[in-house]
Amino acid sequence: MTINPVFTDATPIAAIDAEQQFRADVLAGLSAQQKFLSAKYFYDAAGSDLFEAITRQPEYYPTRTEIGILDKQGAEIAATLPARANLVEFGSGSTAKVRRLLVHLPDLAAYVPVDVSESFLRSEANALAIDFPQLAIAPVAADFTRAFTLPDGLSHGAVAGFFPGSTIGNFEPPQAAHLLAHFGRVLGRGATLIIGVDLVKEKAVLDAAYDDAAGVTAAFNRNLLVRIQRELGADIDLNAFAHRAFFNVAASRIEMHLVSRIAHTVTVAGRAFRFEAGETIHTENSYKYTIDRFRDLAAEAGWTPRAVWTDSEALFSIHALVRS
Ligand SMILES: C[S@@+](CC[C@H](N)C(=O)[O-])C[C@H]1O[C@@H](n2cnc3c(N)ncnc32)[C@H](O)[C@@H]1O
């Protein structure tokens with residue numbers, strides 16, 4: 001057998017003018033009445049490393065719980081995918097989770113990790129190629145919220161999707177429904193989507209998960225400012241901003257903010273932005289769902305529930321959905 005047939009390093013990478021988009025989004029977000037920045041910008045190389053460190057914090061239950069479900073139920077989850085499928089992972093990050101499925105999918109036609117963090121994407125794809133030498137791996141550097149094309153040369157077999165990590169929770173529910181519909185168009189009619197969704201639970205557990213005692217989530221949040229400073233030429237006093245995260249029960253979401261400790265002005269790409277003391281930049285929402293509420297959202301986007309798996313404490317869920 002050949003080693004990693006079809007695509008070892010010759011995969012076309014979607015061209016995205018990432019820097020221009022970053023500047024436009026940051027300037028627009030800081031100009032809004034409630035200042036905000038998009039959570040997707042957390043993931044530069046340092047942000048990706050910090051996120052991996054968050055997943056190892058004792059308070060951060062989602063990753064280990066989702067991995068626990070994949071370890072226990074991986075064979076059953078993998079069995080919902082069609083034979084010889086091309087498996088597309090949206091926001092692949094560290095490939096720790098998909099590995100739990102790949103061991104049960106020896107006949108997969110190809111694995112297509114899609115991520116905005118190109119250097120991380122490449123290093124993870126290379127590591128995966130070593131551990132799964134027979135697997136065709138076709139990385140795509142793209143923003144999965146936008147139109148992008150799957151690599152040429154994929155087999156004509158079925159296409160399936162994998163979207164773990166409850167990343168769907170980072171979108172406002174109407175946008176989450178749009179994203180699921182977009183995935184449906186990328187994957188095609190009849191496709192299966194395996195998706196991880198964090199569940200509603202006690203506020204204290206949620207608050208702690210996003211404000212770990214070691215301060216790793218705080219560093220992750222502040223890294224957004226470090227990135228803006230480095231990439232856009234900004235004058236930002238990092239110590240002037242504190243991390244704040246809490247579960248907003250009424251909205252069923254974790255909110256993450258950077259809070260200005262003092263009244264001051266920062267300059268980004270030549271533009272000045274005034275902060276009052278206590279004013280915040282809203283950097284992330286992470287919506288938490290019940291199983292039924294998530295199924296309703298998926299149904300709005302054209303997906304029919306096929307199966308769902310949870311851990312024994314019902315902290316986290318993994319759904320298999322089929323596109324009608
Ligand atoms: C929270 S991590 C989850 C990673 C992995 N799927 C997991 O569950 O462990 C989110 C990943 O998605 C990527 N990501 C976030 N927004 C994205 C977007 N709009 N397009 C492509 N990748 C994105 C990030 O770079 C990061 O690697």
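Predicted model: local features only at pLDDT ≥ 70, side-chain atom pairs only at ≥ 80, totals over all residues.
**View 1. The shell of residues around the ligand.** The ligand is surrounded by 18 residues, and the closest of these are Gly91, Lys97, Asp115, Asp143 and Phe144.

View 2. In the side chain of glutamate 89, an N or O atom is 3.3 Å from a nitrogen atom of the ligand, while a polar side-chain atom of aspartate 143 lies 2.9 Å from a nitrogen atom of the ligand. Phenylalanine 144 takes part through its backbone, where an N or O atom lies 2.9 Å from a ligand nitrogen atom. On its own the ligand has 590 Å² of accessible area, and the protein covers 95% of it.

**View 3. The enclosed strand E2.** Strand E2 spans residues 86-90, and because five of its five residues are buried, the strand is largely enclosed by the rest of the structure. Both of its faces are covered, with Asn86, Val88 and Phe90 buried on one side and Leu87 and Glu89 buried on the other.

**View 4. The strands that pair with E2.** Strand E3 (residues 110-115) pairs with E2 in the parallel sense over five bridges, and within E3 the bridge partner of leucine 87 is tyrosine 111. Strand E5 (residues 159-163) also runs parallel to E2 and is joined to it by four bridges; here glutamate 89 has phenylalanine 162 as its bridge partner.

**View 5. A β-α-β unit that includes E2.** Together with helix H4 (residues 96-102) and strand E3, strand E2 makes a right-handed β-α-β unit.

How values were computed
Residues numbered from 1 in each chain as written. Heavy atoms only, no water. Near = heavy atom within 4 Å. Polar contact = N/O pair within 3.5 Å; in protein donor to acceptor, adjacent residues only side chain to side chain. Areas by Shrake-Rupley, 256 points an atom, 1.4 Å probe, with all protein chains shown as cover. Buried < 20%, exposed > 50% of the residue type's maximum accessible area, 1.4 Å probe, protein only. Helix = DSSP H or I, 4+ residues; strand = E, 2+ residues; numbered from the N terminus. Pairing = 2+ DSSP bridges. Right-handed = clockwise from strand over helix to strand, strands pointing away.
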